[in-house]
Amino acid sequence: MHTVAVLSLKGGVGKTTVALGIASAAMRRGIHTLVADLDPQGNATASLDPPYTDATLADVLETPQLPVLERAIARSVWSDDIDVLVGAEELEALNEPGPDERRLASLSRALDELDQSPPRGKPYDLVILDCPPSLGRLTKSALVAADSAILVTEPTMYAVAGAQRALEAIESVRDEHNQDLRAVGVLVNRLRPRSHEHQFRIAELRESFGALVMPTAIPDRLAIQQAQGACSPIHEWHSPGAQEIALTFNMVLAKILRSNRAGRHRIDAEPETEAEITGPIEPIRTDARG
């Protein structure tokens with residue numbers, strides 16, 4: 001079971017879009033996946049539209065035991081391969097930093113419970129942690145539990161600064177709590193390739209992060225909002241723009257699965273072609289936009 005945290009310390013950069021895109025790519029490959037919605041806004045839960053549960057991730061973090069987990073996990077409307085560890089507004093009360101750092105391990109203990117006794121007897125291959133856009137207890141708990149982390153940013157000044165803080169947070173958690181945690185990469189969202197400002201900010205990212213900047217980016221396309229509004233995975237939204245985005249997420253998933261440490265169980269990554277990191281970053285091209 002490989003656990004990946006999706007984070008940014010600036011809100012509104014499309015962090016949940018990335019978490020859902022990775023889940024959609026995993027669904028396409030038949031990878032049994034759990035999306036854990038740690039963001040109190042609950043946008044990932046809303047888009048995956050699971051049935052009502054009488055427990056949520058907030059209850060799991062307070063009592064990280066299998067009976068509570070089983071009550072907080074539900075199947076998404078996307079596929080039997082995509083389950084949701086349901087988020088709730090109550091998570092906000094658990095996001096404040098506290099003196100008892102042992103509570104940072106609650107999510108890790110819960111995932112260990114799932115790994116040892118998977119629901120319905122089917123182990124999860126991939127766990128995606130959709131973090132809140134802040135460095136509170138929830139994001140730190142996700143980094144303690146994760147094998148890898150993806151930093152999401154937009155090509156804007158403030159988002160680039162947020163990505164730098166997120167990388168520093170990963171390094172801090174790795175030093176203090178989770179020596180196996182590694183950053184998979186920095187993923188640029190909402191790219192407009194013809195924007196000089198966007199290309200300038202990407203150059204800044206490369207100067208700060210080097211090869212961590214992923215060679216493909218998520219283009220600014222209406223298809224993402226359309227698919228999320230319809231509670232549909234991007235891989236099943238039939239427009240040229242959606243196909244373009246889906247290909248990008250295929251490559252992101254492949255990079256996650258090629259991580260040096262693949263969690264408690266190794267998942268074999270199918271070959272994916274990635275461009276070399278030379279010249280301007282651009283989204284994959286299709287014939288039309290949408």
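A cavity is a set of points on a 1 Å grid over the protein atoms alone where a 1.4 Å probe fits but cannot get out, and its lining residues have an atom within 4 Å of a point. The structure described here is a predicted model, in which local features need pLDDT of at least 70 and side-chain atom pairs count only at pLDDT 80 or more, while totals for chains, interfaces and linings use all residues. Residues are numbered from 1 along each chain as its sequence is written, and side-chain values use heavy atoms, with hydrogens and water left out. Four cavities of 30 Å³ or more are present in the structure; a volume is the space filled by probe spheres set on grid points, which are joined across faces, edges and corners.

**Largest cavity**

- The largest cavity holds about 100 Å³ of space.
- Its lining consists of 13 residues, and those nearest the centre are Thr17, Leu20, Gly21, Gln228 and Ile234.
- Helices H1 (15–28), H9 (222–229) and H10 (240–257) each contribute at least two lining residues; helices (H or I, at least four residues) and strands (E, at least two) are DSSP runs, numbered from the N terminus.
- The most comes from H1, which gives four residues to this lining.
- The lining comprises eight nonpolar, five polar and no charged residues, where Ala, Val, Leu, Ile, Met, Phe, Trp, Tyr, Cys and Pro count as nonpolar, Asp, Glu, Lys and Arg as charged, and the others, Gly among them, as polar.

**Second largest cavity**

- About 70 Å³ of space lies in the second largest cavity.
- Leu61, Leu94, Arg103, Ser106, Arg137, Leu138 and Ser141 line the second largest cavity.
- Helix H6 (residues 137–145) supplies the largest share of this lining, with three residues.
- By class, three of these lining residues are nonpolar, two are polar and two are charged.

- Strand S2 (residues 33–37) runs parallel to S4 and is joined to S4 by four bridges; two strands pair if DSSP finds at least two bridges between them.
- Strand S3 (residues 73–75) pairs with S4 in the antiparallel sense over three bridges, and a hairpin of six residues joins S3 to S4.
- Asp83 in S4 stands opposite Leu34 and also opposite Arg75.

Key: 1 Å grid on protein atoms, 1.4 Å probe; cavity = no way out; pocket = protein on both sides within 12 Å on 5 of 7 lines; lining within 4 Å.
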